[in-house]
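Thank you for making time for this today. I would like to walk through one protein with you, so please bring it up on your screens.

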Amino acid sequence: MYDIIAYVEARWSITYSVPGMNKWLHRNGFSYKKPKGHPYKADKEQQQAFIEKYEELKKDLKPDDAIYFSDSVHPSQATKLSYGWIRKGQDKKLETTASRTRVNIIGALRLDDIRNTVSAQYETINGQCIINHLRLVRKQHGDKGTIFFILDRAPYHRAEAVVQEAQKLNITLDYLPPYSPNLNPIERLWKVMSEQVRNNRFFKSAKDFRSEIERFFKQILPNIGDTLTGRINDNFQML
């Protein structure tokens, strides 16, 4: 606020108090919020080309085919403080930990069956883990049909062994444009996961933390998955 007051005074020689500037900003349509960040290297033309290709793919799907969006995520045990409804004039105290314990999760999401997202925890994320996950997805999906697997361009996603295994499993790997997490709906699922089992939660042990992450995928998501289509969908936002 003080920076704005100083700028207005330097630019127009008008002096405001803090309450006065606050009222002026609200009266003229300003609100106090964070800017929205986006990767500065995002290429709009490449994103548009991907969306057009994706829409064509959806039209040409056969009954046993499916599109999966895949990604990995690495939530930590460190307490993740978030907004919540607290009575005015009061504070909500929460125990915190800065533990760096992490779990490495690979997920594969079908937009028409969010509740049955294929997920697993791994010691690390590398090419062999991706191969194992491709096999897990194929097992859950069944033997019939082509799986179109959409994922980012991480080096382990493009490893030769991964590509070869995908071909054996009749899985077509489709890569997102660089710097385009906005085109991967599973990113929204990670946010739901945090809301359900991480935000404003204190975990006494790594065991408790891992258990809650597992509970999200095995118990919570199967119950709420069908209600998430308004949030997790392919209404892509261009960057």
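Predicted model: local features only at pLDDT ≥ 70, side-chain atom pairs only at ≥ 80, totals over all residues.

Residues are numbered from 1 along each chain as its sequence is written, and side-chain values use heavy atoms, with hydrogens and water left out.

Let me begin with the whole chain. The protein contains seven helices and five strands, where helices (H or I, at least four residues) and strands (E, at least two) are DSSP runs numbered from the N terminus. Read from the N terminus on, the order of elements is α-α-α-β-β-β-α-β-α-β-α-α. Along the principal axes, the C-alpha atoms fill a box of roughly 70 × 45 × 30 Å. The radius of gyration is 23 Å, while a compact globule of 239 residues would have one near 18 Å; this radius is taken over C-alpha atoms, and the globule rule is 2.2 Å times the number of residues to the power 0.38.

Of the 239 residues, 39% are buried, and here buried means under 20% relative accessible area, exposed over 50%, and partly exposed in between, with a 1.4 Å probe and protein chains only. The accessible surface comes to about 15700 Å², and 49% of that belongs to carbon and sulfur atoms; accessible areas come from the Shrake-Rupley method with a 1.4 Å probe, and for residues only the protein chains shown count as cover. Among contacts (heavy atoms within 4.5 Å), if we take those with a separation of 6 or more, 69% are between residues 24 or more positions apart.

Now to strand β1, residues 66–73. Why can we call β1 largely enclosed by the rest of the structure? Eight of its eight residues are buried, so the strand is largely enclosed. Ala66, Tyr68, Ser70 and Ser72 point one way, and Ile67, Phe69, Asp71 and Val73 point the other way, all of them buried. As for its partners, two strands pair if DSSP finds at least two bridges between them. With β4, residues 147–151, β1 runs parallel and is joined by four bridges, and Ile67 stands opposite Phe148 there. With β2, residues 104–109, β1 runs antiparallel and is joined by five bridges, Ser70 standing opposite Ala108.

Turning to charges, a salt bridge is a side-chain nitrogen of Lys or Arg within 4 Å of a carboxyl oxygen of Asp or Glu, and by this rule the count comes to twelve. One of them joins Arg110 and Asp112, with the closest N and O atoms 2.8 Å apart, and Asp112 is exposed at a relative accessible area of 59%. Another brings together the side chains of Asp226 and Arg115, at 3.8 Å from N to O. Asp226 lies in the segment after α7 (206–224) and Arg115 in the loop between β2 and β3 (118–122), so this pair ties together parts that are 111 residues apart in sequence. Asp226 is exposed at 55% relative accessibility, whereas Arg115 is partly exposed at 34%.

Within helix α7, Glu214 and Lys218 lie four residues apart, about one turn of the helix, and they form a salt bridge with closest N and O atoms 2.7 Å apart. Glu214 is partly exposed at 36% relative accessibility, while Lys218 is exposed, with a relative accessible area of 59%.

Finally, some individual residues. Glu165, in helix α5, residues 160–168, is buried at 11% relative accessibility. Setting aside neighbours within four places in sequence, Glu165 is in contact with Ile131 and Arg135.

Most residues other than glycine have a negative phi. Asn170, however, has a positive phi near 55°; Asn170 sits in the loop between α5 and β5 (171–175) and is partly exposed at 36% relative accessibility. Tyr179 also has a positive phi, near 55°, and belongs to the loop between β5 and α6 (186–197), where Tyr179 is partly exposed with a relative accessible area of 44%.
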